[in-house]
Amino acid sequence: MHIPLPPSARLISLCIASLSLAAIAQPVPVRTMGQESLPPKWIAREGRLEGLCPEILSAMEKAEPRLKFSGQDDFRSVPQIEQGLESGAVGAACALLDTERRRKIAHMSARVYMVRHRLAASAADKATVDSIDDLVRLNPLIATSRGAAYSEQLRALGLEVDDSTGDNLTNLRKILAGHGRFVYMNELTLAWMIRENKLQDKIRLMPAVLKEEPIFFWISKKADPVAARLMNQALQKIKASGELARIYERWSGEKAAP
């Protein structure tokens, strides 16, 4: 036999349901940081934010509408981004290489794309470097970006590394001035910076790929659990739909590795 609820009980039930719906719809904020001097991953141009990572974050918000990213226009060095991940002030970092330190402070989420490491040299430098072994034999001073994961990899090989700045255009100008022989970086950024700064007649991108490795989306171990779950879900959705690969293709001009 169905016994109708009294008006007061019905009102309480409606209030509980409304509160539950409000909780479900509540935005989930996630603080991020842009990475300085690393186009086309992050680009600030004429007051607009563009690039691979801004598009990835936007696609994630569309896939999981409760996610609300902020801080994308706050461009910082990699060490500062890592400090934010460690403290929890930064909830997520887009497209960083795998390192022991990052595994300690953050959870590795989806692979975003593959990166290939190459050298840039002065156009007047006729050296041939076809492998890491060739690089070790030459034993040059190499400029890299401050906090780059590969700086320590190069030092471990006995190579001298100058990673005193996070400004990669400054690093290119260093080798033109004779302060170091090569710049070591991912080919996507090197090709972009040489082209955008019209340095084709001064800097040459050396043909050999010295290393290829995946780059990942990282979620701070101190991130809100709901935010972490939504970010993982969003990444899986844009990966499964092909949107992640399409974003990479738009900015690189090539198909993303499967």
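A: **A loop residue and beyond**

Thr-165 is found in the loop between strand E10 (160-162) and H7, where helices (H or I, at least four residues) and strands (E, at least two) are DSSP runs numbered from the N terminus. The model is a predicted one, in which local features need pLDDT of at least 70 and side-chain atom pairs count only at pLDDT 80 or more, while totals for chains, interfaces and linings use all residues. Residues are numbered from 1 along each chain as its sequence is written, and side-chain values use heavy atoms, with hydrogens and water left out.

With a relative accessible area of 14%, Thr-165 is buried; buried means under 20% relative accessible area, exposed over 50%, and partly exposed in between (1.4 Å probe, protein chains only). Not counting residues up to four places away in sequence, Thr-165 touches Thr-144, Ser-145, Arg-146, Thr-170, Asn-171 and Lys-174, a contact being heavy atoms within 4.5 Å.

The next element is H7 itself. The axes of helix H7 (residues 168-176) and helix H8 (residues 187-196) come within 11 Å and cross at roughly 75°, with axes taken as lines fitted to C-alpha atoms, for helices over the stretch in contact, and angles running from 0 to 180 degrees between N-to-C directions. That angle makes H7 roughly perpendicular to H8, since angles of 65 to 115 degrees count as roughly perpendicular, those under 35 as roughly parallel, those over 145 as roughly antiparallel, and the rest as oblique. Asn-168, Leu-169 and Leu-172 of H7 make this contact with Leu-190, Met-193 and Ile-194 of H8. By class, the contact has 5 nonpolar, 1 polar and no charged residues, where Ala, Val, Leu, Ile, Met, Phe, Trp, Tyr, Cys and Pro count as nonpolar, Asp, Glu, Lys and Arg as charged, and the others, Gly among them, as polar.

H6 is followed by Gly-158, whose phi is positive, near 90°.

Both H6 and H8 take part in the largest pocket, to which E7 (92-97), E8 (106-122), E11 (182-186) and H10 (243-252) also give two or more lining residues. A pocket is found on a 1 Å grid over the protein atoms alone, as an open set of points with protein on both sides within 12 Å along at least five of seven lines; a cavity, by contrast, is a set of points where a 1.4 Å probe fits but cannot get out, and lining residues have an atom within 4 Å of a point. The volume of the largest pocket is about 370 Å³, volume being the space filled by probe spheres set on grid points that are joined across faces, edges and corners. Its lining comprises 33 residues, with Leu-38, Lys-41, Val-115, Asn-186 and Ile-215 nearest the centre, and divides into 20 nonpolar, 7 polar and 6 charged. E8 gives the most to this lining, with 6 residues.

H8 also contributes two or more residues to the lining of the second largest pocket, as does strand E3 (43-45). This second pocket has a volume of about 190 Å³, and of the 13 residues that line it, Pro-39, Trp-42, Ile-43, Ala-44 and Trp-192 are the closest to its centre.

Pro-39 brings us to backbone geometry. Most residues other than glycine have a negative phi, and most peptide bonds are trans. A cis peptide bond, with omega about 0°, joins Pro-39 and Pro-40, and Pro-40 lies in the loop between strand E2 (34-35) and E3. Ser-37 is found in the loop between E2 and E3, is partly exposed at a relative accessible area of 21%, and has a positive phi near 50° although not a glycine.

Finally, H10 holds Ile-247, which counts as buried at 0% relative accessibility. Its contacts, not counting residues up to four places away in sequence, are Leu-52, Glu-55, Ile-56 and Ala-59. The C-alpha atoms of Ile-247 and Ile-56 are separated by 7.1 Å, although the two are 191 residues apart along the chain.
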